Amino acid sequence: MTYTDYDGNERTEDFYFNLSKAELMEMDFSASGGMEKMIKRIVDAQDTKRIIEVFKDIILKSYGEKSADGRRFIKVSDGRRLAEDFAQTEAYSELFMELATNDKAATEFINGVIPQSLAAEIAANQE
(Lines give C-alpha, C1' and ligand atoms only; values in the text may rest on other atoms or scores of the structure.)
Protein backbone atom coordinates (compact mmCIF):
# COMPACT_ATOMS: atom_id res chain seq x y z
CA MET A 1 0.00 0.00 0.00
CA THR A 2 1.13 3.52 -0.73
CA TYR A 3 0.00 6.23 1.66
CA THR A 4 1.18 9.53 3.11
CA ASP A 5 2.32 9.37 6.73
CA TYR A 6 1.76 12.06 9.38
CA ASP A 7 5.04 13.78 8.47
CA GLY A 8 3.88 14.17 4.87
CA ASN A 9 6.16 11.41 3.57
CA GLU A 10 4.84 9.06 0.92
CA ARG A 11 5.40 5.47 2.03
CA THR A 12 4.92 2.14 0.32
CA GLU A 13 4.63 -0.81 2.67
CA ASP A 14 3.33 -4.35 2.61
CA PHE A 15 0.50 -5.09 5.02
CA TYR A 16 -0.87 -8.57 5.65
CA PHE A 17 -4.39 -9.70 6.44
CA ASN A 18 -5.67 -13.20 7.12
CA LEU A 19 -8.54 -14.93 8.86
CA SER A 20 -8.13 -18.62 9.59
CA LYS A 21 -11.02 -21.05 9.34
CA ALA A 22 -11.08 -21.19 13.15
CA GLU A 23 -11.32 -17.40 13.42
CA LEU A 24 -14.07 -17.30 10.82
CA MET A 25 -16.01 -20.00 12.66
CA GLU A 26 -15.66 -18.08 15.92
CA MET A 27 -16.92 -14.90 14.23
CA ASP A 28 -19.77 -16.81 12.59
CA PHE A 29 -20.92 -18.38 15.86
CA SER A 30 -20.70 -15.06 17.71
CA ALA A 31 -23.09 -13.38 15.25
CA SER A 32 -26.82 -13.89 15.65
CA GLY A 33 -27.82 -16.29 12.86
CA GLY A 34 -24.24 -16.36 11.54
CA MET A 35 -22.08 -13.72 9.87
CA GLU A 36 -23.67 -14.00 6.44
CA LYS A 37 -27.22 -13.49 7.75
CA MET A 38 -26.09 -10.73 10.10
CA ILE A 39 -24.37 -8.84 7.26
CA LYS A 40 -27.41 -9.33 5.00
CA ARG A 41 -29.70 -7.89 7.72
CA ILE A 42 -27.39 -4.90 8.20
CA VAL A 43 -27.18 -4.23 4.44
CA ASP A 44 -30.94 -4.68 3.95
CA ALA A 45 -31.61 -2.26 6.81
CA GLN A 46 -29.03 0.15 5.37
CA ASP A 47 -27.52 0.40 8.85
CA THR A 48 -24.43 2.40 7.88
CA LYS A 49 -23.15 2.63 11.45
CA ARG A 50 -23.22 -1.14 11.87
CA ILE A 51 -21.70 -1.78 8.40
CA ILE A 52 -18.76 0.44 9.36
CA GLU A 53 -18.36 -1.41 12.67
CA VAL A 54 -18.27 -4.76 10.82
CA PHE A 55 -15.63 -3.53 8.34
CA LYS A 56 -13.48 -2.18 11.15
CA ASP A 57 -13.81 -5.45 13.04
CA ILE A 58 -12.85 -7.54 10.00
CA ILE A 59 -9.87 -5.34 9.10
CA LEU A 60 -8.48 -5.31 12.63
CA LYS A 61 -9.14 -9.00 13.33
CA SER A 62 -7.41 -9.98 10.09
CA TYR A 63 -4.30 -7.77 10.40
CA GLY A 64 -0.99 -9.39 11.28
CA GLU A 65 2.53 -10.24 10.18
CA LYS A 66 3.81 -13.41 8.57
CA SER A 67 6.61 -15.19 10.37
CA ALA A 68 9.91 -15.39 8.49
CA ASP A 69 9.43 -19.12 7.87
CA GLY A 70 5.81 -18.67 6.71
CA ARG A 71 4.45 -21.09 9.32
CA ARG A 72 2.66 -18.55 11.48
CA PHE A 73 0.51 -15.47 11.04
CA ILE A 74 1.27 -13.35 14.07
CA LYS A 75 -1.47 -11.09 15.43
CA VAL A 76 -0.27 -10.63 19.02
CA SER A 77 3.25 -9.80 20.15
CA ASP A 78 4.30 -9.18 23.75
CA GLY A 79 0.65 -9.28 24.83
CA ARG A 80 -0.34 -6.51 22.42
CA ARG A 81 -2.46 -6.87 19.28
CA LEU A 82 -0.47 -5.70 16.26
CA ALA A 83 -3.70 -4.30 14.83
CA GLU A 84 -3.65 -1.59 17.53
CA ASP A 85 -0.52 -0.10 15.95
CA PHE A 86 -1.86 -0.53 12.42
CA ALA A 87 -5.11 1.26 13.34
CA GLN A 88 -3.07 4.34 14.23
CA THR A 89 -1.62 4.69 10.71
CA GLU A 90 -2.89 6.59 7.72
CA ALA A 91 -2.64 3.30 5.80
CA TYR A 92 -5.48 1.92 7.96
CA SER A 93 -7.53 5.05 7.35
CA GLU A 94 -7.07 4.82 3.59
CA LEU A 95 -7.89 1.10 3.52
CA PHE A 96 -10.95 1.61 5.69
CA MET A 97 -12.26 4.44 3.49
CA GLU A 98 -11.71 2.40 0.33
CA LEU A 99 -13.61 -0.58 1.70
CA ALA A 100 -16.41 1.57 3.11
CA THR A 101 -16.96 3.36 -0.20
CA ASN A 102 -16.14 0.75 -2.84
CA ASP A 103 -18.24 -2.46 -2.93
CA LYS A 104 -15.85 -4.18 -5.34
CA ALA A 105 -12.80 -3.41 -3.17
CA ALA A 106 -14.67 -4.62 -0.08
CA THR A 107 -15.59 -7.91 -1.78
CA GLU A 108 -12.01 -8.41 -2.99
CA PHE A 109 -10.66 -7.69 0.49
CA ILE A 110 -13.01 -10.18 2.17
CA ASN A 111 -12.19 -12.84 -0.43
CA GLY A 112 -8.51 -12.12 0.10
CA VAL A 113 -8.48 -12.51 3.89
CA ILE A 114 -10.38 -15.79 4.08
CA PRO A 115 -8.65 -19.09 3.32
CA GLN A 116 -8.45 -19.72 -0.46
CA SER A 117 -10.21 -23.07 -0.16
CA LEU A 118 -13.12 -21.39 1.62
CA ALA A 119 -13.26 -18.55 -0.95
CA ALA A 120 -13.47 -21.13 -3.76
CA GLU A 121 -16.25 -22.97 -1.91
CA ILE A 122 -18.23 -19.75 -1.43
CA ALA A 123 -17.81 -18.80 -5.10
CA ALA A 124 -19.02 -22.25 -6.18
CA ASN A 125 -22.09 -21.98 -3.94
CA GLN A 126 -22.95 -18.55 -5.37
CA GLU A 127 -22.92 -19.89 -8.93
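These numbered points walk through a predicted model.

1. **The core.** Start in the middle of the fold. The largest nonpolar core has 29 residues. Phe17, Ile59, Phe86, Leu99 and Phe109 have the most contacts inside this core. Helices α1 (21–30), α2 (35–44), α3, α4 (82–86), α5 and α6 each supply at least two of its residues. There is a general pattern to keep in mind here: in soluble globular proteins, nonpolar side chains tend to be buried together.

2. **Phe86 and its neighbours.** Which residues does Phe86 touch, not counting those up to four places away in sequence? They are Phe15, Phe17, Ile59, Leu60, Tyr63, Ala91, Tyr92 and Leu95. Two of these, Phe17 and Ile59, are named with Phe86 among the residues with the most contacts inside the core.

3. **Helix α6, the buried face.** Helix α6 covers residues 103–113. Its buried residues are Ala105, Ala106, Phe109 and Val113. Look down the helix axis: these residues fall within an arc of 100°, so they line one face of α6. What do they pack against? The partners are β3 (16–17), α3 (48–62) and α5 (90–101).

4. Asn102 caps the N-terminal end of the helix. One of the side-chain oxygens of Asn102 lies 3.0 Å from the backbone nitrogen of Lys104.

5. **Strand pairing.** Now turn to the strands. β3 pairs with β4 (residues 63–66) in the antiparallel sense, over 2 bridges. Phe17 stands opposite Tyr63 of β4. Both Phe17 and Tyr63 are also touched by Phe86. β4 pairs with β5 as well, again antiparallel and over 2 bridges. Here Lys66 has Phe73 in β5 as its bridge partner.

6. **The hairpin turn.** β4 and β5 form a hairpin with 6 residues between the strands. Gly70, in this hairpin, takes a positive phi near 75°.

7. **A buried lysine.** Lys75 sits in the loop between β5 (73–74) and β6 (76–77). Is Lys75 buried or exposed? Its relative accessible area is 10%, so Lys75 counts as buried, the cut-off being under 20%. The side chain of Lys75 reaches the backbone oxygen of Lys61 at 2.7 Å. Leave aside neighbours within four places in sequence, and the contacts of Lys75 include Asn18, Leu19, Glu23, Ser62, Tyr63 and Gly64. Arg80, Arg81 and Leu82 are also among them.

8. How many salt bridges does the model have? The count comes to 8. One of them joins the side chains of Arg50 and Glu53, at 3.2 Å from N to O. Arg50 and Glu53 both lie in helix α3, 3 residues apart, which is about one turn of the helix. Arg50 is partly exposed, at 30% relative accessibility. Glu53 is partly exposed too, with a relative accessible area of 34%. A network of salt bridges links Lys49, Arg50 and Glu53.

9. Arg80 forms a salt bridge with Glu84, with the closest N and O atoms 3.1 Å apart. The side chains of Arg80 and Asp85 also meet in a salt bridge, at 2.7 Å from N to O. How accessible are these residues? Arg80 is partly exposed, with a relative accessible area of 34%. Glu84 is partly exposed at 37%, and Asp85 is partly exposed at 40%.

10. Most residues other than glycine have a negative phi. Asp78 has a positive phi, near 55°. Where is Asp78 found? Asp78 lies in the loop between β6 and β7 (80–81). At 81% relative accessibility, Asp78 is exposed.

Technical notes. Residues numbered from 1 in each chain as written. Predicted model: local features only at pLDDT ≥ 70, side-chain atom pairs only at ≥ 80, totals over all residues. Heavy atoms only, no water. Buried < 20%, exposed > 50% of the residue type's maximum accessible area, 1.4 Å probe, protein only. Helix = DSSP H or I, 4+ residues; strand = E, 2+ residues; numbered from the N terminus. Arc of directions from axis to C-beta. Contact = heavy atoms within 4.5 Å. Polar contact = N/O pair within 3.5 Å; in protein donor to acceptor, adjacent residues only side chain to side chain. Core = buried A, V, L, I, M, F, W, Y, C linked by side-chain atoms within 4.5 Å. Pairing = 2+ DSSP bridges. Salt bridge = Lys/Arg side-chain N within 4 Å of Asp/Glu carboxyl O.
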